[in-house]
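Please examine the structure shown below together with its sequence. The discussion is meant to be read alongside both.

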Amino acid sequence: MPVLTTDKGAVWRRRTTGQSLFHWFIWLVGIAIFVVCWQQISEATTWFFVWDAPRIAGDIWSRATPPKWDYIAQLGRPIWDTLNIATLGTIIALFMAIPVAFLAARNTTPSKLFIRPIALFIIVATRSINSLIWALLLIAIIGPGVFAGVIAISIRSVGFCAKLLYEAIEEIQESQVEAITATGASRWQVMAYGIVPQVLPALAGIAVFRWDINIRESTVLGLVGAGGIGLQLSASLNVLAWPQVSLILLVILAAVVLGEWVSAKVRAAII
Amino acid sequence: MLKLKKLVKTYRTGDQALKAIDLEIPAGQVLALIGPSGAGKSTMIRCINRLVEPTSGEVWLAERELTHLGSGALRRARREMGMIFQEYALVERLSVMENVLSGRLGYVGFWRSFLRRYPQSDVDEAFRLLDRVGLVHMADKRADELSGGQRQRVGICRALIQNPKILLVDEPTASLDPKTSRQIMRLICELCAERGLAAIINIHDVALAQRFVQRVVGLRAGAIEFDGPPEGLTPDVLTTIYGEEDWEATIEKAEDEDEIEAAE
Amino acid sequence: MSATELDTLIGRKWRKPPFVRNATLRWGLTAGFVIYLIAAYMTIEVNWSRVYEGLDRGAAFVMAFMSPDFLTRWGDIRDGMIESVVMTVAASVVGIAISIPIGLGAARNIAPMPVYLICRAIVAVSRALQEIIVAILLVAIFGFGPLAGFLTLSFATIGFLSKLLAEDIESMDKTQAEAIRASGARWTQWINYGVQPQVLPRLIGLSIYRVDINFRESAILGLVGAGGIGATLNTAFDRYEYDTAAAILLIIIVIVMALEYISGIIRAKVQ
């Protein structure tokens with residue numbers, strides 16, 4: 001009851017005394033947790049470097065400018081590789097994500113008890129692990145190179161695409177499916193006529209959205225050896241060639257912005 | 001033609017939607033199923049083509065019992081029952097023509113339907129039906145570009161192209177304005193007469209039902225309360241089906257509409 | 001009239017109208033895409049014999065998932081995990097706290113033009129730079145350790161959350177906010193009564209989602225020396241200790257699943 005009776009008459013409060021105590025208690029716990037975390041970080045930090053940071057930052061800045069513009073001639077192939085990693089990775093991911101999504105959606109899964117949990121686990125497992133980790137793993141297994149990057153990106157994207165797609169499948173209008181079923185259509189025909197047309201726009205949107213993200217991710221895969229422009233970045237960092245680093249960062253920035261622009265255009269055209 | 005024997009549907013929640021329904025419909029008869037919301041009208045129609053599995057009882061279509069059919073045989077049986085839906089239930093992102101042709105899905109194989117390569121006879125029939133309902137110029141429009149009345153016409157074409165023996169019609173006019181409702185009801189009844197089709201029409205507009213059909217069945221709480229010609233729907237009968245209300249106005253309105261119709 | 005129209009149609013073939021109406025454009029797009037795919041495929045050098053050899057290691061890794069080894073390097077795993085969690089918590093708190101004012105500033109309907117431009121610029125910079133690149137630069141400036149990771153995640157949180165918060169505010173129901181303004185409320189009161197109730201549930205949902213992302217990202221920051229479990233994971237891969245790597249990945253997956261579960265509960269509660 002937010003209306004309290006006091007000796008001065010009824011008083012309106014937002015919360016009762018118990019509620020507001022609880023409220024403050026939650027805040028207190030939150031702050032305490034944050035303070036503990038901060039102390040941990042602070043202990044692990046060499047504060048001398050931190051106080052020295054402005055000078056170092058200035059030093060790096062002066063070394064990195066101006067960017068070494070003529071180095072761009074050597075970046076053509078890495079950019080092409082980066083684009084391929086993102087695009088092929090997205091295409092492969094979609095091929096894997098579509099069946100997983102249909103197995104995971106409540107209204108299309110053949111078995112809620114066995115297959116759905118497996119599909120959901122695939123989605124969570126591939127989604128929770130970053131593409132850089134997948135790349136590390138794949139490099140250990142099949143060796144460094146663009147191919148490992150493609151596979152890493154595609155595995156990472158499966159869970160993402162499948163999750164969004166199965167949510168779209170669960171939101172379709174059942175009446176359209178029912179109408180197709182009532183014509184005597186087979187299971188696959190119901191899928192092709194009743195379900196697919198309803199989720200196709202969502203699928204196209206997801207594909208472009210993920211492609212945009214994959215452009216970003218594929219630019220850094222080279223840091224662990226999985227091909228693309230990240231390889232040049234990592235090589236330049238290792239030899240402290242800061243003018244090259246700044247140029248590569250600018251190129252990456254341009255690629256990311258361009259990717260976002262393309263994906264926004266395509267999505268607007270689809271919807 | 002269609003015979004229901006002791007048809008029972010009990011939902012998992014324990015609600016008994018249908019309590020041992022017995023009903024027989026001869027070929028070519030158009031029957032209106034009236035009753036309050038939740039009386040089991042929709043459930044009954046869906047139990048016939050097993051979109052909802054009946055709990056017990058039998059459904060006979062011509063010489064075949066439907067409740068025990070396997071999935072392949074059930075699909076073949078469903079081809080013979082055209083269904084028309086409330087809110088049309090068209091696949092909105094497909095074109096009008098694809099929606100009509102989807103009525104042939106039970107007859108063509110998966111790849112043919114997937115690649116949209118229907119037999120020429122089906123395509124011709126689709127054009128004829130669209131022409132009959134006055135939508136042939138809309139064939140390549142997407143279904144969600146049409147108005148409510150137009151969509152329901154496409155829904156009717158989809159049901160008819162199945163070449164059915166019976167139409168199951170679920171609240172065909174629920175989301176249409178009064179004039180379009182009457183046009184749609186008239187169209188359904190005309191088409192049934194042209195093709196000698198039997199039909200079960202779920203409808204909650206009693207006046208509209210009275211105008212167009214030969215036989216009315218009143219359902220209340222999953223049991224049949226009335227079965228007879230539309231003239232038999234007296235205020236007393238309506239009170240048993242729907243509960244206490246001033247029914248004179250409803251019945252009079254039906255007569256008024258007849259007069260307006262005559263004047264037109 | 002309609003009879004003649006029908007007569008011309010009967011017997012005519014029917015084809016689904018194509019998605020792209022202009023035939024030249026349609027074939028151009030298809031051909032361009034196919035040529036791109038072939039070109040991309042040709043330029044990826046796959047060392048199939050190396051891949052074939054790797055299959056054994058791949059199988060070994062899958063087997064390792066069946067029998068993960070938590071114990072051998074338990075000390076490293078525990079320290080790394082704690083560091084990851086600490087970084088996640090601290091960075092989320094700081095990041096969310098900073099993103100709220102920036103999000104308000106980046107909403108066109110409530111912020112004055114100069115503030116809007118500054119805040120949008122911050123958001124754009126933060127979104128364009130990936131976590132891992134920011135981490136590389138911050139490690140170079142502040143030295144190795146969780147401080148760089150903490151700063152990276154805070155910075156990334158700002159870009160993500162401010163943008164979504166600003167979009168949410170821009171699409172809010174104007175009439176509610178107007179009603180509060182009409183009562184003569186000052187700006188802060190207006191935000192508190194007219195805006196906050198509308199955007200708070202989604203803000204909470206997004207914040208939890210960002211905590212989830214921050215945790216996943218914290219797992220890779222260690223690759224470039226910015227603290228967290230990534231360093232341990234990298235070592236495990238380098239030494240082909242798949243059972244330890246599998247153990248770490250499983251812990252990450254479980255924590256992400258738990259976070260998703262909790263966020264589901266909290267989101268259901270606030271809405």
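The paragraphs that follow treat salt bridges, aromatic pairs and surface patches in turn.

The model is predicted, and every value quoted here is computed from it. Side chains of opposite charge can pair when their charged atoms come close. Over all chains, the count comes to 34 salt bridges. Three of those in chain B may be followed individually, beginning with the strands.

B:Asp22 forms a salt bridge with B:Lys6, and the closest N and O atoms of the two are 3.3 Å apart. B:Asp22 belongs to strand β2 of chain B and B:Lys6 to strand β1 (residues 2-10), so this pair ties together parts that are 16 residues apart in sequence. With a relative accessibility of 41%, B:Asp22 counts as partly exposed, whereas B:Lys6 counts as exposed at 52%, because the boundary for the exposed class is set at over 50%. Strand β2 (residues 16-25) of chain B also contains B:Glu24, which is partly exposed at 47% relative accessibility. B:Glu24 and B:Glu231 are 207 residues apart along the chain, and their C-alpha atoms are separated by 20 Å.

A further salt bridge joins B:Arg116 to B:Glu98, with 2.5 Å between the closest N and O atoms. Here B:Arg116 lies in the loop between α4 and α5 (120-132) of chain B, while B:Glu98 is in helix α3 (residues 96-101), so the contact ties together parts 18 residues apart in sequence. Are these two residues buried or exposed? Both B:Arg116 and B:Glu98 are buried.

The next pair connects two helices. B:Arg132 forms a salt bridge with B:Glu190, the closest N and O atoms being 3.1 Å apart. B:Arg132 is in helix α5 of chain B and B:Glu190 in helix α7 (residues 178-195), so parts that are 58 residues apart in sequence are tied together by this pair. B:Arg132 is partly exposed at 31% relative accessibility, and B:Glu190 is likewise partly exposed, at 36%.

In chain A, salt bridges form a network that links A:Arg106, A:Arg116 and A:Glu170. A:Glu170 is located in helix α7 (residues 146-170) of chain A and is partly exposed, with a relative accessible area of 26%. Between A:Glu170 and A:Ile252 there are 82 residues of separation in sequence and 37 Å in space, C-alpha to C-alpha.

Attention now turns to the aromatic rings. Over all chains, the count comes to 10 aromatic pairs. One of them is formed by B:Phe110 and B:Phe114, whose rings are stacked, with 5.6 Å from centre to centre and 25 degrees between the planes. Both residues lie in helix α4 (residues 110-114) of chain B, 4 residues apart, or about one turn of the helix. B:Phe110 is partly exposed with a relative accessible area of 23%, and B:Phe114 is also partly exposed, at 41% relative accessibility. Together with B:Trp111, B:Phe110 and B:Phe114 form one aromatic cluster.

What is the arrangement of the rings of C:Phe61 and C:Phe237? Their centres are 6.5 Å apart and their planes stand at 35 degrees, so the pair is tilted. This pair links distant parts of the chain: C:Phe61 is in helix α3 (residues 48-66) of chain C and C:Phe237 in helix α10 (residues 230-238), 176 residues apart. Both C:Phe61 and C:Phe237 are buried.

The surface patches complete the account. In chain A, a nonpolar patch on the surface is made up of A:Phe22, A:Phe25, A:Ile26, A:Val29 and A:Ile33, which together have about 490 Å² of accessible area. Of these residues, A:Ile33 is found in helix α1 (residues 17-43) of chain A and counts as partly exposed at 44% relative accessibility.

In chain B, a patch of negative charge on the surface gathers B:Glu244, B:Glu245, B:Asp246 and B:Glu248. B:Glu245 is placed in the loop between α9 (235-242) and α10 (248-263) of chain B. With a relative accessible area of 53%, B:Glu245 is exposed.

Technical notes. Residues numbered from 1 in each chain as written. Chains lettered and ligands numbered in written order. Predicted model: local features only at pLDDT ≥ 70, side-chain atom pairs only at ≥ 80, totals over all residues. Heavy atoms only, no water. Patch = residues over 30% accessible without salt bridge, like charges linked within 9 Å, V, L, I, M, F, W, Y side chains within 5 Å. Areas by Shrake-Rupley, 256 points an atom, 1.4 Å probe, with all protein chains shown as cover. Salt bridge = Lys/Arg side-chain N within 4 Å of Asp/Glu carboxyl O. Lys, Arg positive; Asp, Glu negative; His and termini not counted. Charge placed at Lys NZ, Arg CZ, Asp CG, Glu CD. Buried < 20%, exposed > 50% of the residue type's maximum accessible area, 1.4 Å probe, protein only. Phe/Tyr/Trp six-rings, centres within 6.5 Å; stacked < 30°, edge-to-face > 60°.
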